[in-house]
Amino acid sequence: MKWVIGNWKSNGAFAQNEALLNALKALAFEKTQVGVCVPFPYLAQARSVLHESKVLWGAQNVSPFGPGAYTGEVHAEMLCDFGCRVTIVGHSERRQYFGETNALIAEKIQRLNAVGITPIWCVGETLEERERGAWQEILRRQIVEVVEIVGAPAVENVLIAYEPVWAIGTGRNARPEDVAEAHAWLRRMLTEAGARPDLPILYGGSVKGGNAAELFAVEGCDGGLIGGASLSATEFAAIVAAAEKE
Ligand code: PGA
């Protein structure tokens, strides 16, 4: 089974979301888990359109705290209130622009676990890290530093998204051989850290209708986290169709 999850990032407006969500609701799929992670203000809209469909919805971030005096934060129980089943943590844009560390990501995973929401835990190296041959060490640290804090049982129900930063929003997707190699490495790091051997590992970074089939055919690739192409109903439908053929 493949996963295809949209990540709208900081995009959307009420009227255009309505059309996009209705297109998701109308998608036909059997073998794929399809979902969409929307900005916080649109969670209620996602729930109201998608609640009678098989499409999951969720957020793109969560507070590392519970309820209380944390101005501006949205905590995990609130996401539950809105019916979220998945939520992204540790996206590279949050690591880059908001200083998120592996320790903070660990806390967010624990918060989501506590309320039964599946974390979509993003990892990935930058271009500079890849070019100086450090990608394996970076991925190792991104996995190990989190599992050391949360413990292996806490990652039983996560989805991993391998998102090389150099492929995000650049139109330059990783080559199938890069994806195969990185997913195999992540699988090894996860298993050595005590995680279950069949944890789904999704690929993210410039996945589109035109390259999804090739990427999803890669050994060890359990689907995709889709940014830009998730804002287009036709592109997203083509990606789901590619996953259905696997
Ligand atoms: P992209 O983004 O598909 O626009 O490259 C993927 C992501 O950041 O999740």
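How many nonpolar, polar and charged residues does the shell around the ligand have? I looked this up at the outset and found four nonpolar, seven polar and two charged residues. For these classes I counted Ala, Val, Leu, Ile, Met, Phe, Trp, Tyr, Cys and Pro as nonpolar, Asp, Glu, Lys and Arg as charged, and the others, Gly among them, as polar.

**Basis of the entries**

I worked on a predicted model, in which local features need pLDDT of at least 70 and side-chain atom pairs count only at pLDDT 80 or more, while totals for chains, interfaces and linings use all residues. I number residues from 1 along each chain as its sequence is written, and side-chain values use heavy atoms, with hydrogens and water left out.

**Ligand site**

I noted 13 residues around the ligand, of which Lys-9, His-91, Glu-163, Gly-169 and Ser-206 come nearest; a residue is near if one of its heavy atoms lies within 4 Å. I then looked up the polar side-chain atoms facing ligand oxygen atoms. His-91 places one at 2.7 Å from an oxygen atom of the ligand, and Glu-163 also places one at 2.7 Å from a ligand oxygen. For Asn-7 the corresponding distance is 3.3 Å. The protein covers 96% of the 280 Å² of accessible area that the ligand has on its own (Shrake-Rupley method, 1.4 Å probe; for residues, only the protein chains shown count as cover).

Lys-9 has a positive phi of about 55° although it is not a glycine, and I located Lys-9 in the loop between strand S1 (2-7) and helix H1 (14-25). Ser-206 likewise has a positive phi, near 60°, in a residue other than glycine. Ser-206 sits in the loop between strand S7 (201-204) and helix H9 (212-216). I recorded Ser-206 as buried, because its relative accessibility is 13% (buried is under 20% relative accessible area, exposed over 50%, partly exposed in between, with a 1.4 Å probe and protein chains only).

**Ala-161**

I placed Ala-161 in strand S6 (residues 159-162). Ala-161 counts as buried because its relative accessibility is 0%. Its contacts, not counting residues up to four places away in sequence, are Ile-120, Trp-121, Cys-122, Val-123, Leu-202 and Leu-225 (contact means heavy atoms within 4.5 Å). Ala-161 and His-91 are 70 residues apart in sequence and 8.9 Å apart in space, C-alpha to C-alpha.

**Thr-32**

I found Thr-32 in strand S2 (residues 32-37), buried at 5% relative accessibility. Its side chain makes a polar contact of 2.6 Å with the side chain of Glu-244 (a pair of N or O atoms within 3.5 Å; within protein, one must be able to donate a hydrogen and the other to accept it, and residues adjacent in sequence count only if both atoms are side-chain atoms).

**Whole chain**

I counted ten helices and eight strands (DSSP runs numbered from the N terminus: helices H or I of at least four residues, strands E of at least two). The radius of gyration is 17 Å, close to the 18 Å that the globule rule gives for 246 residues, so the chain is as compact as a globular protein of that length (taken over C-alpha atoms; the rule is 2.2 Å times the number of residues to the power 0.38). Of the 246 residues, 52% count as buried.
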